[in-house]
Amino acid sequence: MKRILYFCLTLIILLFWSSCRKDFDFSPSTGNLEFSRDTVYLDTIFTNIGSSTYNLKVYNRSDDDIVIPTIQLTRGASSFYRMNVDGMTGEEGPNEGKVFDNVELLANDSLFIFIETTYNTDTAPISDLEFLYTDAIEFDSGSNQQKVELVTLIRDAVFIFPERDAQGIIETLTFDVDGDGTDDETTLQGRFLEDDELTFTNEKPYVIYGYAAVDDGDELNIDPGARVHFHANSGLIVTSGGSLKVNGAFSDDQELLENEVIFEGDRLEPLFEDVPGQWGTIWLFPGSVDNEINFATIKNASAGILCEGNQSEPNYKLNINNSKIYNSSNFGILGRATSIRGENVVINSSGQSSFAGTVGGRYNFTHSTLANYWNNSFRQFPSVLLNNFLVQEDNSVVTNDLQEANFNNCIIFGNDNPEFILDEDSDSAFNFKFTNCLLRFDNNSFTGNNYDFDNAALYENCIFNDDPEFRDPFNNDLIIGEDSAANMQGNLFFAGQVPTDILNVNRTASPDIGAYQSITFED
């Protein structure tokens, strides 16, 4: 009997208590919501490419649980923005991500709205190269309505991408990979450029999906001021018989770089500005000829340039001048049994080596700054790596002559030690020389004739381990100051071959080592 009485009493108390609670009574909002910002600016995007996700926080500062009758985009179903409200996607159908009804918000609580956009030119063609696309998030309606504005800068672009077949399989490249005269099927997604695509102008940016390839007998010309953007796992390939001409020019405005050709990823948000490994590489296959790169910036690739083969041709396979390569997740320039001449070249922040001349070859760099201040992870290779062999999959070794590797008036430095390694196999030639260079090498574990720094036939007028005084090397600013050890230490003969520095400053009277003449830093 007592047990029954106790049960009934408990039940009555629970019923009474629950009927008095207002925790689950929601009142309509009265237009007093607060927001983490009054305008959400989504960073610049290309047409047809989705943005990053941005967030807005909505606060209920009152002591009442409320329900927001509607949260919707002003443009409704036609909007190119889309939302997620605290994990909900809203109504199904055309209003999904656009309209949300009866959204509950507890007293003194908040919710998140996540916002993205993709501007689709298939449904809304555009006439301007760049314009602001706006919308707003509306909370409630009538006298209680509150708004948060949405703003995105949209850029039009030329898109180059491989086709898909009826089964959705993406086109892959077929060409002579191994130089045996027959075409090989590859797994590289991409396509060859058509004749009317062989000039990249500066009128619109180019966005490349997969690998854009230059065919035998074709030449890709890239005009001054062109901007080339690559999607993930994308790049340029120049096949046997093809040629690449990057025709950048000096820019008076070193912020705008109006005449420089810039290669980078297709994510335009500031968060991605210096993220390595966003795209593949500029790949110069064996047999490609007379490749030239002038006044270019190549940034955020896996390997800035991969250059292979043709080391014995009378002309250099690649001539690169007045160009910068930054933030490569592997190599800035990787040469394999090839020939490269570089003048006023700046390379920095590479996950492995900034310059690697491997499997022999022929390399000449003059007035270049080959540095490596990589700080994203541990790296196992120095700024500059030279070898004359290849270890194959079965662990057999193939050697090839390093015909020459000359570094004249160059800085080779970084945040590791040593910053150059000479890895020789005695079965093939290994010819190199450093002339009037500032080098970082202070490590007694390396011995042998290649590291005899008193041998003037290998190291002529070189400076070891003194401070180059870069202005901000971890942010890719490798201009040197007036107290740099490189000041006025350049060889006049080589300065005469490259009379102006990468900023068009004459160096012939008192040449500094490296790509830059020194300046006085402002405090």
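Close-up 1. D266 is buried but has no salt bridge. Buried stands for under 20% relative accessible area, exposed for over 50%, and partly exposed for anything in between (1.4 Å probe, protein chains only). A salt bridge needs a side-chain nitrogen of Lys or Arg within 4 Å of a carboxyl oxygen of Asp or Glu. What D266 does have is a polar contact, side chain to side chain, with H231 at 2.6 Å. Polar contacts are pairs of N or O atoms within 3.5 Å; within protein, one must be able to donate a hydrogen and the other to accept it, and residues adjacent in sequence count only if both atoms are side-chain atoms.

A word on the ground rules: residues are numbered from 1 along each chain as its sequence is written, and side-chain values use heavy atoms, with hydrogens and water left out. Since the model is predicted, local features need pLDDT of at least 70 and side-chain atom pairs count only at pLDDT 80 or more, whereas totals for chains, interfaces and linings use all residues.

**Close-up 2. The second largest pocket.** This pocket has a volume of about 270 Å³. Its lining has 14 residues, and those closest to the centre are P162, I170, Q189, Y209 and G210. Strand 13 (residues 184-192) gives the most to the lining, three residues in all. Sorted by class, the lining holds seven nonpolar, six polar and one charged residues. For the classes, Ala, Val, Leu, Ile, Met, Phe, Trp, Tyr, Cys and Pro count as nonpolar, Asp, Glu, Lys and Arg as charged, and the others, Gly among them, as polar. A pocket is an open set of points on a 1 Å grid over the protein atoms alone, with protein on both sides within 12 Å along at least five of seven lines, and lining residues have an atom within 4 Å of a point. Grid points are joined across faces, edges and corners, and the volume is the space filled by probe spheres set on the points.

**Close-up 3. A salt bridge between R61 and E34.** The structure holds 13 salt bridges. In one of them, the side chains of R61 and E34 meet at 3.1 Å, N to O. R61 comes from the loop between strand 4 (54-60) and strand 5 (66-73), E34 from strand 2 (residues 34-35), and the pair links distant parts of the chain, 27 residues apart. R61 is partly exposed at 49% relative accessible area, and E34 is also partly exposed, at 36%.

**Close-up 4. Strand-to-strand salt bridges.** Which residue forms a salt bridge with K245? The partner is E292, with the closest N and O atoms 3.5 Å apart. K245 belongs to strand 20 (residues 243-247) and E292 to strand 23 (residues 291-294), 47 residues apart. K245 counts as buried at 12% relative accessibility, while E292 is partly exposed at 31%. R336 forms a salt bridge with E308, the closest N and O atoms being 2.9 Å apart. R336 is in strand 27 (residues 331-350) and E308 in strand 25, so this pair ties together parts that are 28 residues apart in sequence. R336 is partly exposed at 35%, but E308 is buried at 12%.

Close-up 5. A cis peptide bond joins N417 and P418, with omega about 0°. P418 is in the loop between strand 34 (411-414) and strand 35 (420-423). N310 isn't a glycine, yet its phi is positive, near 70°. N310 lies in the loop between strand 25 (301-308) and strand 26 (318-328) and is partly exposed at 23%. N476 also has a positive phi without being a glycine, at about 65°. It is in the loop between strand 40 (470-472) and strand 41 (477-480), and it counts as buried at 11%.

**Close-up 6. The side chain of S484.** S484 belongs to the loop between strand 41 and helix 2 (492-497), and it is buried at 6% relative accessible area. Its side chain reaches the backbone oxygen of P468 at 2.6 Å. A polar atom of the S484 side chain also lies 3.0 Å from the backbone nitrogen of A486.

Methods
1 Å grid on protein atoms, 1.4 Å probe; cavity = no way out; pocket = protein on both sides within 12 Å on 5 of 7 lines; lining within 4 Å. Helix = DSSP H or I, 4+ residues; strand = E, 2+ residues; numbered from the N terminus. Lys, Arg positive; Asp, Glu negative; His and termini not counted.
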